[in-house]
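Open the model in your viewer and keep the sequence panel beside it.

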Amino acid sequence: MRALLSLTEKCNLRCTYCYYNESQNERCADMSDEVREASLRYLLDKTIEFKHDFLSITFFGGEPLLRFDAIQKSVDFLKELVESRRSELSKGFALIFAINTNGTLLNDEVLEYFKKEKFSIYVSIDGPASRHNISRRTVNNKGSFEAIAPFIPKLVEQNAFVISVINRNNIKGLTDSVKWLKAQGFNQVQNAVDFDGHWTSEDMDVLAAEYTKLAELWYNLKKEKSDFYIQTIQDHILLHALNLKVKHCSCDILKGSIGIATNGNVFPCSRFISSKPNAPYLLGNVLDKEDHIYDSPAAQEVYKFLETEKKECIGCAIQHRCAAHECGCTSFYTTGSLFGVSPEVCTHERILSAICDEFAVKLQNEGKAEDIL
């Protein structure tokens, strides 16, 4: 069982590409102790009901480190709850914690706590200060890099996963930024694209040039048998090489994976999370007396999405590794519907797949395909 727990809607940054950017000033809700404990009880109940051998909680926001107290309370509460129900859990049951953070509120105490509790850390860093500060701005419109920089060595030590966002203002220098992250000692990075509906053909051309350089970097690292993981490139290649579908192998939407908003609203995945009473794809609430989350009308829509081929994509060679077709989160936030297809995302995926395939074939021709499998 996997879950995202939104402890707060508040954030201390105003990143230009945040999908809550325009409404962030009105987002002020915190998760109460009642909702938080009800959420954790619900998640353990479902873990037992589904006979899952792990429960993974990712603390989310807003910026979850604004509620470090609630993180600590949640860990203690859940560990005690697990012990009280140990007999109902599988012999090898694992309790897993993670956090998705902008990194600006880190300190030695927080990092030592994460180390002690074996947290996985997903931290937002776009690269060196010159790149990071383009879009990751404080409430007072100042760059945020200097707040993170002192803790980079400890983040590296704890094998943090770096999430870097690509937007129309910071395309150039993408590959150099990935090289910089590697030079700091990070071992895994994802480059997520801000699909804001305003990408031009010229923007896509610039991004294609950067992706070509990024794929070449990945290709050379694999030839050197480096384990540096560039998710954006490697996952596209693996899906093609192993003939896999994203929906079947790496998308957990409603298949043992949910997101819980500050008021206990339950959603299929991260981008859907909202405390609004009539939010799209609202599955239910952890405080409801009757549990209809997995058989609600919204859940039926998700199941339909998982089983349906979008008509616009039928016959497309890359449809099963394409975010426009396979990713419910991407479909929702770019079109407002699980069943929509964004032309912007479609164009991006075609460009990325063509570049990735070129370098995958090079490895295969050199007899080094095993380096990625």
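## Stop 1: Helix 1 and Ile48

Select I48, which sits in helix 1, residues 33-49. This is a predicted model, so read each stop as a feature of the prediction. I48 counts as buried, at 16% relative accessibility. Now show what surrounds the residue. Beyond its neighbours within four places in sequence, I48 is in contact with R85, E88 and L89. Draw a C-alpha to C-alpha distance from I48 to L89: the two are 6.2 Å apart in space, though 41 residues apart in sequence.

## Stop 2: Zoom out to the whole chain

Show the protein chain as a cartoon. How many helices and strands are in the protein chain? There are 14 helices and 10 strands. The radius of gyration is 21 Å, close to the 21 Å that the globule rule gives for 373 residues, so the chain is as compact as a globular protein of that length. Along the principal axes, the C-alpha atoms fill a box of roughly 55 × 50 × 45 Å.

Colour by burial next. Buried residues account for 52% of the 373 residues. Switch to a surface view. The accessible surface is about 17,000 Å², and 50% of that belongs to carbon and sulfur atoms. Then colour by charge. The chain has 43 positive and 51 negative charges, and their mean positions lie 2 Å apart.

## Stop 3

Select S56 in strand 2. S56 is buried, with a relative accessible area of 8%. Setting aside residues up to four places away in sequence, S56 touches M1, R2, A3 and I96.

Move along to G61. This glycine lies in the loop between strand 2 (54-60) and helix 2 (68-84). Is G61 buried or exposed? G61 is buried, at 10% relative accessible area. Show its contacts: S6, T8 and R27, not counting residues up to four places away in sequence.

Now look at the backbone here. What kind of peptide bond joins G61 and G62? The bond is cis, with omega at about 20°. G62 is also placed in the loop between strand 2 and helix 2. G61 and G284 are 223 residues apart in sequence and 19 Å apart in space, C-alpha to C-alpha.

## Stop 4: The cysteines

Select the cysteine sulfurs. How many disulfides are there? The count comes to 0. C15 is in no disulfide, and its nearest cysteine sulfur, that of C11, is 6.2 Å away. C15 itself is buried, with a relative accessible area of 10%.

Go on to C18. Its sulfur is 6.5 Å from the closest cysteine sulfur, in C15, and that is too far for a bond. C18 is partly exposed, at 31% relative accessible area.

## Stop 5: Two asparagines with positive phi

Select N159. Its phi is positive, about 55°, although N159 is not a glycine. Find N159 in the loop between helix 6 (152-157) and strand 5 (161-166). At 45% relative accessibility, N159 counts as partly exposed.

Now select N243. Phi of N243 is near 55°, again a positive value in a residue other than glycine. N243 is placed in the loop between helix 9 (231-241) and helix 10 (246-249). N243 is exposed, with a relative accessible area of 70%.

## Stop 6: Leu181 in helix 7

Finish at L181, in helix 7, residues 174-184. L181 is buried, with a relative accessible area of 1%. Which residues is L181 in contact with, leaving aside neighbours within four places in sequence? Show I125, V162, S164, F186 and V189.

Conventions: Residues numbered from 1 in each chain as written. Predicted model: local features only at pLDDT ≥ 70, side-chain atom pairs only at ≥ 80, totals over all residues. Heavy atoms only, no water. Helix = DSSP H or I, 4+ residues; strand = E, 2+ residues; numbered from the N terminus. Rg over C-alpha atoms; globule rule 2.2 N^0.38 Å. Buried < 20%, exposed > 50% of the residue type's maximum accessible area, 1.4 Å probe, protein only. Areas by Shrake-Rupley, 256 points an atom, 1.4 Å probe, with all protein chains shown as cover. Lys, Arg positive; Asp, Glu negative; His and termini not counted. Charge placed at Lys NZ, Arg CZ, Asp CG, Glu CD. Disulfide = S-S within 2.5 Å. Contact = heavy atoms within 4.5 Å.
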